[in-house]
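Student: Could you take me through one part of this model in detail? I'd like a close look at the place where the two chains meet.

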Amino acid sequence: MEEYQNGSEGSFNSEEAENVVKEGIESVLGGDDYSQTHVNKWTAAVVERCLTQLVKLNKPYKYIVTCSVMQKTGAGLHTANSCYWDTSMDGSCTVRWENRTMYCVVSVFAVCIA
Amino acid sequence: MVPIKNVFTGEDLICPRRVHLFYFEDNFIVILVPVSETLATMDDFMSEDKTTFIVEEVSKIIKDSVETVIGENSYKHGRVNQWTTSVVEQCLIQLSKLDKPFKFIVNCIIMQKNGAGLQTASTCFWDNTTDGSCTVRWENDTMYVIISVFGLAI
């Protein structure tokens, strides 16, 4: 019983992180159209927002949040990531979001502090 | 031999550490170096390179991986999946060979050159003194490749 409880508390909760990220993206990008002048500000705001909300969860993790925003013009975009870490304690979560004029991909990586 | 007095506790000029000089009868001088201090000095000297995130080193690994996997190939929708996977895998294998006490995260983005705008950003909540990141932007005639490596000290 004890071991099971420790396992679920110790590992990364990706649903929780996903909700935090979705909220973060919606609040920043919401109903806007892709704009080259604003996109710089948007990506910075999305990562900042997601990070502050994740830190508020008060878990013993280091976080890395990355965000990519791409204009919808028919171009192909591929992303991949690979991690060398402790698979029992660390985890990641990726959220894909889109609206009429742009795609947004946000990845959160959480690494446990020993 | 009985030491007359512990005359001097000062600095060894060759390899800085505290030493103790003892004067004995018959004009013998003995220099004693505390063992713990010697080991600490050597460890400190050796460990700096082994426990810091060196951006140039990582940057070189990334550039080599991209050149090897993609090189002069043109963007092909059917092959991109395989390329992104190979690039991150190559980077990670070379990074783990460095044998440093780090956890690594490698992120790769490949985008076709089509006139579309792409913006990426990342932010990190970590230990500024020990952790680091390195991002490399690479391109050829038909695509852009952005690779980020994050290293977190254990």
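**The A/B interface**

Tutor: Let's start with charges: across the interface of chain A and chain B the rule finds 2 salt bridges (a side-chain nitrogen of Lys or Arg within 4 Å of a carboxyl oxygen of Asp or Glu). One of them links B:Lys103 to A:Asp90, with 2.9 Å between the closest N and O atoms. This is a predicted model, where local features need pLDDT of at least 70 and side-chain atom pairs count only at pLDDT 80 or more, while totals for chains, interfaces and linings use all residues. Side-chain values use heavy atoms, leaving out hydrogens and water, residues are numbered from 1 along each chain as its sequence is written, and chains are lettered from A in the order in which they are written.

On contacts (heavy atoms within 4.5 Å), 38 residues of chain A meet 38 residues of chain B. The two chains bury about 3,100 Å² between them, 61% of it from carbon and sulfur atoms; that is accessible area (1.4 Å probe) lost on being put together, summed over both. Of what chain A buries against chain B, A:Lys62, A:His78 and A:Tyr84 supply 24%, more than any other three residues.

Now the strands (DSSP runs of E, at least two residues, numbered from the N terminus). β2(A) runs antiparallel to β4 (residues 102-112) of chain B, and 8 bridges join them; strands pair if DSSP finds at least two bridges between them. Within β4(B), B:Asn107 stands opposite A:Asn81.

Technical notes:
Helices (H or I, at least four residues) and strands (E, at least two) are DSSP runs, numbered from the N terminus.
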